[in-house]
Amino acid sequence: MNTPGKKNRRDFLKATGKAGLAAGLSATILPALASVSNNEQIVNGGAEDVLFTQRPLPYAFAALEPVIDAMTMEIHYMKHAAAYANNLADAVKAEGVDTEKEQLRWLLGKISKYSAKMRNNGGGHYNHEFFWKTMQAPAEDNSPQSAITKFIIRDFGSFEAFKTQFTDAGKNRFGSGWAWLVKSADGKLVVGSTPNQDNPLMDVSDLKGIPLLGLDVWEHAYYLKYQNRRPDYINAWWKTVNWKIVQQRYDMA
Ligand code: MN3
């Protein structure tokens, strides 16, 4: 038997669930499934995997200048994001999560079963790891040169209309939170926002779907350079979006 690829294995899991094991299929090709305890469904299978620990920033603190200044990036990564990761480590220990077997994206899918500390820091850690990967050195003309463009046009009418809707989601999120582009369960692209460190993978979230693109609109993400001008931050941020990563997430979702 050929070992299925990641995508195929996921589709296989979606299609068969635990029945696969009952049918005598080798658990060695189903490591993800084998680690799920009874009465739990795999959720968020197509979402980006994020480890429980903080990964190195994939570029230098100054890499996103002039859109995001090096000082903001350093404080954001070294202090804010590191604190979410540390607090998440405390929470998983206190609440008995086996991080060898559990995956953060699954845990977010049943976050209502855990503490507020797990929700805030699990979301905070996932969101930031996801966010760093979505950015790269700014480019003036930074529209996607990939298949996702046609799906954006299908679901929003035009690329500009999508950008406006996403920008508005970030501008209008009262207080702290995130703006998102998600692939919803019916395959459509949807824009929305979440409060605090909530995430569209969470069972408690009003906005649900597989995240493709996320923007941190907490003041700590932009205040040193933009102060109260959140719209200026968002408008500049478009130059840093790594559309190749967004496309990869769409393909996996
Ligand atoms: Mn942040």
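Predicted model: local features only at pLDDT ≥ 70, side-chain atom pairs only at ≥ 80, totals over all residues.
Residues are numbered from 1 along each chain as its sequence is written; local features need pLDDT of at least 70, side-chain atom pairs count only at pLDDT 80 or more, and totals for chains, interfaces and linings use all residues. Side-chain values use heavy atoms, with hydrogens and water left out.

Helices are DSSP runs (H or I, at least four residues), numbered from the N terminus. Helix H7 (residues 148-156) packs against helix H11 (residues 243-252) at an angle of about 75°, and their axes are 10 Å apart. Axes are lines fitted to C-alpha atoms over the stretch in contact, and angles run from 0 to 180 degrees between N-to-C directions. H7 and H11 are therefore roughly perpendicular to each other (65 to 115 degrees). In H7, Ile148, Phe151, Ile152 and Arg154 meet Trp243, Val246, Gln247 and Tyr250 of H11 (heavy atoms within 4.5 Å).

A salt bridge (a side-chain nitrogen of Lys or Arg within 4 Å of a carboxyl oxygen of Asp or Glu) joins Glu48 and Lys133, at 3.3 Å from N to O. Glu48 lies in the loop between helix H3 (31-34) and H4, whereas Lys133 belongs to helix H6 (residues 116-133), 85 residues apart. By this rule the count comes to 10 salt bridges.

The loop between H3 and H4 also holds Asn44 and Pro66. Asn44 has a positive phi, near 60°, and the peptide bond between Glu65 and Pro66 is cis, with omega about 5°. Most residues other than glycine have a negative phi, and most peptide bonds are trans.

Note on methods: Helix = DSSP H or I, 4+ residues; strand = E, 2+ residues; numbered from the N terminus. Parallel < 35°, antiparallel > 145°, perpendicular 65-115°, else oblique.
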